[in-house]
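I begin with the structure itself and then set down what I looked up.

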Amino acid sequence: MHYKKIILALTAAGMIASQTVPAYAEENSNVTSVSSASGVVSASSGADSASASTSGSVSSSQDSSAAISSSSAGNTSSGSVETPENAASGDNATSSSSAGSGATASGSSAAGTSGENASGTNPSGGTDSTKEAASGNADAAGKDQSDASDKKSTEVSDATRSQAEQEAERAAQNEQSIQPVVPAGVAGTVDQTAAEKETFAYLTEVIGLNNAAASGLLANFYQETMFQYKAVGGNGIAYGLAQWTGGNFTSLANWCGANGRDYTTIDGQMHYLKYDLETNYPAVYAYLKGLPNTAEGAGAAAAFFCTYYERPAYTETRAAERTAYALQVFWPRYQSYILEQNKDVKAYMDWLAAYTADQSHGYSTVNRRNNPDVDAYSLIFYALYDNGYLLAENERNPFDQSSIVSELTEHGFAEASDAETDPEKLEAGDIILYTDNSGAAVYRTADLVWQAKETDADKASGNKAGDQTDEVGSGELDTSKQRKVYRLKTKDASLPALAQKMVDQLSNKQYMYSDNIRQLKKTDEDSYTFLFQTLKGIGELKDVDTAFTKDTMDHVLCTHSYQNIEAQIAAKKASLSVGDIVWNPESGAAVYLGSDRYIFMDNEVDQKMADITGISSCRYLETKKMTGAAWTAVYHKM
């Protein structure tokens, strides 16, 4: 049934915004209560443990007056946690209460203006206008938020529904095939606000959902566990955000173990969810990924995921409740976090997600060259360098506090305006530099960042290889500090073959490392010979066997598809292009890399360095910024 029809039907029947505790609440005889207010996990039994509080409201970050009008059940709609793939009798449910302002009533709701626990509980009873909120607000929000350019429908085709039902049936059989007990020591309460934000980040960045679909899944996880991702339910056989049960819990634990992840973390559970959707629920996954990024899409995601993945008892009721939460809480809260605002950042954001999950990398200011550790600045360097954002830089010397700004601006990043440094205006991929020089980070979403930092107070772990307690990973944006923000405007274009070949030599092991722009080499090659050999290396000048000199270079190049356009440049009829060969008597031959940077081999032997190293003939291969350089000749390949 389409989610709007579900809401309308339940509203007409008086099941939304009702004070009545339905019969299934009395059936729940085994309940694990998770209270994030007290930080205690306790077991309770009896029908009363599933009851709902009946007053208060849940507000969103966008509309503090938005009230949840779907608290008909004293179970999931009011913050209770149930076993998602439970038996039809509903015997094993998990109840969670999270109360703000000291409230501890079971089933109290927890959706504040910025994700904090609300001070009230779910609304009781309902006037006519309250009963109409779930359906009326859904229509209004869908109309207000829909993208005119995106007309994708949320209706479910019979074929999609049929396939999803088959997937759900197979999963149910797997669930019942084994009833493992969650190992002792994996339960516990967590910070709900941080867990909610982290879950949203994984849903969008790892699983690839848009904000609307992610909001729909958040509504499900909220009602399953209130983001208590360590919650144990189902009499000890269900676990995690989605309360994976039976054989599904076994699959979660086994997959995480085989893939180097911890099933007791959001990271492990969300990566498993992606695998599970891809492998066992392809129809569900395809439907979620095809939804429009609108309020209607958020409601449809909540209903569909509940119906065909979570599959709780009283599915239609639960689906309607979760739809209301998606529409009135999570979509308003997360719609402003635009997914992939700058798609060009995706490569280094994906790299950061994988890198920070690898526990072999830690924090160090001494061993910071990814061997295997990094510091706050070098983490960002390697994320950019390894993904083609710092073309022609030297991987052996990552930028630091003093050089990061100049290198970012050389490679297409621009400082954001003061207004854009506001947390509400930050975009995924923004590079954040704290002005007190205390570090740097890369913005993810929902006030979360990728970062490398020292995590122990005595700083003892800084030089220990590997990750010492989340030294490299995700954390919250430090809003107490002033910051500069650098945003990618233009990604480095791929270098032409000649320029790329020369840049590749910067990491050549036959060179001796000197500093960030120079590689020392024992060589008899001057700039002309080095250029000649590089051209031969990319398949040009095949018919020339003798290296050219400053006297013969012009003839050789001009007879092999190059033209000297220096006169046109002087007349402003042409301009310098990346990959052009340039020459003047002082610098010799060089290749243009863009942004006033050039790469070339020094013509002169560095005698001082020769004396220090004992190498009689040594030159530098270097990249150098030469603003306003005057070239006698500029050779452009025609």
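Predicted model: local features only at pLDDT ≥ 70, side-chain atom pairs only at ≥ 80, totals over all residues.

I took a charge to sit over a ring if NZ of Lys or CZ of Arg is within 6 Å of the ring centre and within 35 degrees of the ring normal. Residues are numbered from 1 along each chain as its sequence is written, and side-chain values use heavy atoms, with hydrogens and water left out.

Entry on charges over rings. I found Arg444 over the face of Trp450, 3.8 Å from the ring centre, and Lys491 over the face of Tyr389, 4.6 Å from the ring centre.

Entry on aromatic pairs. I paired rings of Phe, Tyr and Trp (its six-membered ring) if their centres lie within 6.5 Å, calling planes under 30 degrees apart stacked, over 60 edge-to-face and the rest tilted. By this rule I have 25 aromatic pairs. One of them is the tilted pair of Tyr222 and Tyr325, at 5.1 Å centre to centre with 35 degrees between the planes. Tyr222 belongs to helix H7 (residues 211-225) and Tyr325 to helix H12 (residues 315-334), so this pair ties together parts that are 103 residues apart in sequence; helices here are DSSP runs (H or I, at least four residues), numbered from the N terminus. Both Tyr222 and Tyr325 are buried, that is, under 20% relative accessible area with a 1.4 Å probe, protein chains only.

I then looked at Trp351 and Tyr355, whose ring centres are 4.5 Å apart and whose planes are at 15 degrees, so the pair is stacked. These two residues are 4 apart in helix H13 (residues 346-357), and about one helical turn separates them. Trp351 and Tyr355 are both buried.

Entry on helix packing. How do the axes of H13 and helix H14 (residues 376-385) cross, and within what distance do they come? They come within 8 Å and cross at roughly 125 degrees, with axes fitted as lines to C-alpha atoms over the stretch in contact and angles running from 0 to 180 degrees between N-to-C directions. H13 and H14 are therefore oblique to each other, since angles under 35 degrees count as roughly parallel, over 145 as roughly antiparallel, 65 to 115 as roughly perpendicular and the rest as oblique. Tyr348, Trp351, Leu352 and Tyr355 of H13 make the contact with Leu379, Tyr382, Ala383 and Leu384 of H14, where contact means heavy atoms within 4.5 Å.

Definitions and conventions:
Buried < 20%, exposed > 50% of the residue type's maximum accessible area, 1.4 Å probe, protein only.
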